[in-house]
Amino acid sequence: MPAVLGLNFHHDTSACLIVDGRIHAAEEERWSGVKHNRTTRKGILTTPTHALDWCLRSAGITVDDIDHVWTPSMRPSPRHGSWASTEQAELATMLPEPLGRRLKLISHHTAHVLSGYLLSGEEHAAGLVIDAGGSALGMDIATGRERITGYDLSPHSIDRVHQVTPAIAPGPSGPMRTHPSLGHFYRNLALRVIPPGDEAEGSMMALAAFGDPDRYYQDLRGLVHLGDAGHVHVAAPWGSYDRNTPLRFEGDVWTAQSVGSKPLDTRADLAAAAQRVFAEAVIHVARHLRHLTAARTLVFSGGCALNSHLNGTLAEESGFENLFVAPAPHDAGTAVGAALYAWNYVLGQPLLPAPEDADWGPLPGSLPGKALSGGYRRVSGLGDRLVPTVAALLADHHVVGWVQGGMEFGPRALGHRSILAHPGREATKTRLNTLKQRADFRPLAPLALAEEADAWFLGDADPFMNRVVRARHCKSGRMPAVVHHDGTARLQTVSRGHSGVRPLLEEFYRLTRVPVLLNTSLNFKGTPILRTAEQAVDAAVGLGLDALAVEDTLVLAPHVRIDTVLSASSGRDCA
């Protein structure tokens, strides 16, 4: 029974174990409680200790049973020929001896792209990875780090066919190297548009829907040059991380420190221009990859693939027939890509089937037996009556936490650690944004029965909520809580293979004739998605949810009455 392990030691620290064709994967943030599991000092690495321990226990094996261990390299540009072995040795000391001895490095971008390609079900695909930065580029390519990388992918080969590298440009004190990082470009602008305390990139993408892109388009477009053969040049310092340099447009000065003084509509205009320029640059590279590879499918990964609005545009305008976005395109997903590389290319095992879900993490465990605070009460042992009961609550416009099965791997709640609601009232979105302390302009996402989605939305969605589609105008009025200002929605399609929310969605559809639910993550502002049943109860009480379903137990707020629905529940364990 072969076993391979992928690890990510950097931000979004994670572990992925593949044993006998099954994925066990988890992110360290779900144990640490620190979102993205970021370190306080740049360059400090952390071992995904809890995530690794859970993967081993879930698979029922020990470190001695693991055949191969791979991790993405993230060391800065090489200063001498032994840089790779130095990094490998450093990381090996952070692991138990059997694992450290077997540890090998894969490039950061290759791990990213394989986390999508090897789960896409495609034989031949082009791969595109765009993020802030990845592994050091070898001297045979160029100095610097991976920023924009293109691949030609097949089950037998991983060909890097496109690499955008740093350029030399005149600077105030002589020649200077400029970096083509579209990830840094987008983040630098987001820091000047979104006040501290909110998620900068995601909030700017949401705010862009309210703005006029034409107002600042020409100014921003002048910072990004799109050259021949898919080249991208970002003017200094905007292709490197920079939160201090003033951006000057129309006599205004934009800095991270002054963002709070700008009117919301003005910030929305800059956000809209940034989204357009960013999307044009990515499409420019994607079209070049279509020419290089002649592939029908594009696999997109890296931090920039979290931009769901970009992904919707990319699907329409890149020239590819199909777009597949990795289930976990952020850095946590590199552990999955590293493990899949070992499974498929090193061991020669068959490709895993394309997943319909990403429930690769731990079960929630049991609810604590202690009394619940805030007047909440517990109804246990519902069994097959849980789904119709919760569906009835949702149909009556109650907001319900839903904790079922293995935890999702990745940044989106996909129906295992979710807050669910009827999408039919605009006020529900307002209530949830208030409870979760989100900006009121941020949208909430729908999940929908896969076979009914075409009747309600235009465009191809995916099961991992990674791209926006357009809501059908004739149906928007029936789901205003999940349709954004520009008529789009970040849709998750739920197929029959989904283990967490499919039966509930089917029952809700039967009751309401609406095959759509509002879905947002079960967490507090600034924290990761919550892992355990006990954490879920604390969140339900702390957020003021109407109800929480954990496995076959229902936790109810004091104002919620379900006597009619549970008329036959007398004699069950109620507290």
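Residues carry numbers from 1 along each chain as its sequence is written, and side-chain values use heavy atoms, with hydrogens and water left out. In this predicted model, local features need pLDDT of at least 70 and side-chain atom pairs count only at pLDDT 80 or more, while totals for chains, interfaces and linings use all residues.

I begin with empty space. Rolling a probe the size of a water molecule over the atoms shows where empty space is left. On a 1 Å grid over the protein atoms alone, a cavity is a set of points where a 1.4 Å probe fits but cannot get out; a pocket is an open set with protein on both sides within 12 Å along at least five of seven lines; and lining residues have an atom within 4 Å of a point. Grid points are joined across faces, edges and corners, and a volume is the space filled by probe spheres set on the points.

The second largest pocket holds about 1,100 Å³ of space. It is lined by 49 residues, and Gly312, Thr313, Ala315, Arg467 and Val468 are the closest to its centre. Two or more lining residues come from each of α9 (264–293), α10 (308–317), β16 (322–325), β22 (468–471) and β24 (492–494). Here helices (H or I, at least four residues) and strands (E, at least two) are DSSP runs, numbered from the N terminus. Which element gives the most to this lining? Helix α9 does, with eight residues. By class, the lining comprises 24 nonpolar, twelve polar and 13 charged residues. For these classes, Ala, Val, Leu, Ile, Met, Phe, Trp, Tyr, Cys and Pro count as nonpolar, Asp, Glu, Lys and Arg as charged, and the others, Gly among them, as polar.

Turning to cavities, a search of the whole structure finds one of 30 Å³ or more. The largest cavity contains about 40 Å³ of space. Its lining consists of Ala25, Ala26, Glu27, Arg30, Trp31, Gly361, Pro362, Met407, Glu408 and Phe409. The elements giving two or more residues to that lining are β3 (22–27) and α1 (29–32), and β3 gives the most, with three. Six of the lining residues are nonpolar, one is polar and three are charged.

I return to β22, which contributes to the pocket lining, and consider its partners. Two strands pair if DSSP finds at least two bridges between them. Strand β21 (residues 457–458) runs antiparallel to β22 and is joined to it by two bridges; Leu458 stands opposite Arg470 of β22. Strand β23 (residues 488–490) also pairs with β22 in the antiparallel sense, over three bridges, with Val469 opposite Ala489 of β23.

Next, helix α8 (residues 214–221). Its buried residues are Tyr216, Tyr217 and Leu220, where buried means under 20% relative accessible area, exposed over 50%, and partly exposed in between (1.4 Å probe, protein chains only). Why do they lie on the same side of α8? They cover an arc of only 130° around the axis, the arc being that of the directions from the helix axis to the C-beta atoms. The face turned away from this buried side carries the exposed residues Asp214 and Gln218.

Several individual residues follow. His422 lies in the loop between β19 (417–421) and α13 (426–435), and it counts as buried because its relative accessibility is 9%. A polar atom of the His422 side chain lies 2.9 Å from the backbone nitrogen of Gly424. Asp131, in the loop between β6 (125–130) and β7 (148–154), counts as buried at 4% relative accessibility.

Arg510 belongs to helix α15 (residues 502–512). Arg510 and Ala391 are 119 residues apart in sequence, and their C-alpha atoms are 9.3 Å apart in space.

Finally, the backbone. Most residues other than glycine have a negative phi, and most peptide bonds are trans. Ala294 has a positive phi of about 55° although it is not a glycine; this residue is found in the loop between α9 and β15 (297–301) and is exposed, with a relative accessible area of 53%. Ala229 has phi near 55°, also a positive value, and is found in the loop between β11 (224–226) and β12. The peptide bond from Ala236 to Pro237 is cis, with omega near 0°, and Pro237 is found in the loop between β12 (232–234) and β13 (247–249).

Technical notes. A polar contact is a pair of N or O atoms within 3.5 Å; within protein, one must be able to donate a hydrogen and the other to accept it, and residues adjacent in sequence count only if both atoms are side-chain atoms.
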